[in-house]
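Please look over the structure shown here. A short report on selected local features follows.

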Amino acid sequence: MDAQAEADPDDTRDDESFPWLDELQAKGAWITGDQLAPPRRARSVRVRDGKPIVTDGPFVETKEAVGGFDLIEAGSFEEAVEVAAGHPVARIGTIEVRPLGGDA
C-alpha cells in the first residue's frame with residue numbers, strides 16, 4: 001500500500017465488492033467512513049503567538065499514513081477488534097482500533 005498514492009476516481013465500489021462493509025451496514029453497526037487523500041495533499045496547522053502557521057503536508061515525515069477510517073458501533077472494545085480483523089486491509093496493512101475520546 002502506497003501512502004502517497006491517489007485513489008483512482010474510476011475505481012467505483014459496487015455493493016457486492018465490499019462484503020465487510022455490507023455486513024456492518026446490515027447490522028446497523030457502520031456509522032460512517034471514507035478514504036483520505038494522501039498526505040502530500042494535507043496541510044498542518046499550528047497556532048503560535050495567536051497566529052496560524054500552515055505548512056504543506058503532514059507535520060512529521062512518515063512512511064505510513066492513515067488511508068481512511070470507519071466509525072462503527074460495537075458492544076465492546078473486543079468486538080471492535082474482531083470487526084477490524086475482518087477488514088480486508090488487515091490482511092495487507094494495519095487497522096488501528098480506538099474508542100472515541102469520551103468512551104471508557
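## Loops and an aromatic pair

D49 sits in the loop between β2 (43-48) and β3 (51-56). Strands are DSSP runs of E with at least two residues, helices are runs of H or I with at least four, and both are numbered from the N terminus. D49 is not a glycine, yet its phi is positive, at about 55 degrees.

This is a predicted model: local features need pLDDT of at least 70, side-chain atom pairs count only at pLDDT 80 or more, and totals for chains, interfaces and linings use all residues. Residues are numbered from 1 along each chain as its sequence is written, and side-chain values use heavy atoms, with hydrogens and water left out.

Which aromatic pair turns up in a search of the whole structure? The search finds one pair. It is F18 with W20: the ring centres are 5.9 Å apart and the planes meet at 55 degrees, so the pair is tilted. Rings of Phe, Tyr and Trp (its six-membered ring) pair if their centres lie within 6.5 Å; planes under 30 degrees apart are stacked, over 60 edge-to-face, and the rest tilted.

Accessibility is listed below. Buried means under 20% relative accessible area, exposed over 50%, and partly exposed in between (1.4 Å probe, protein chains only).

| Residue | Relative accessibility | Class |
|---|---|---|
| F18 | 21% | partly exposed |
| W20 | 13% | buried |
| A37 | 42% | partly exposed |
| D49 | 80% | exposed |
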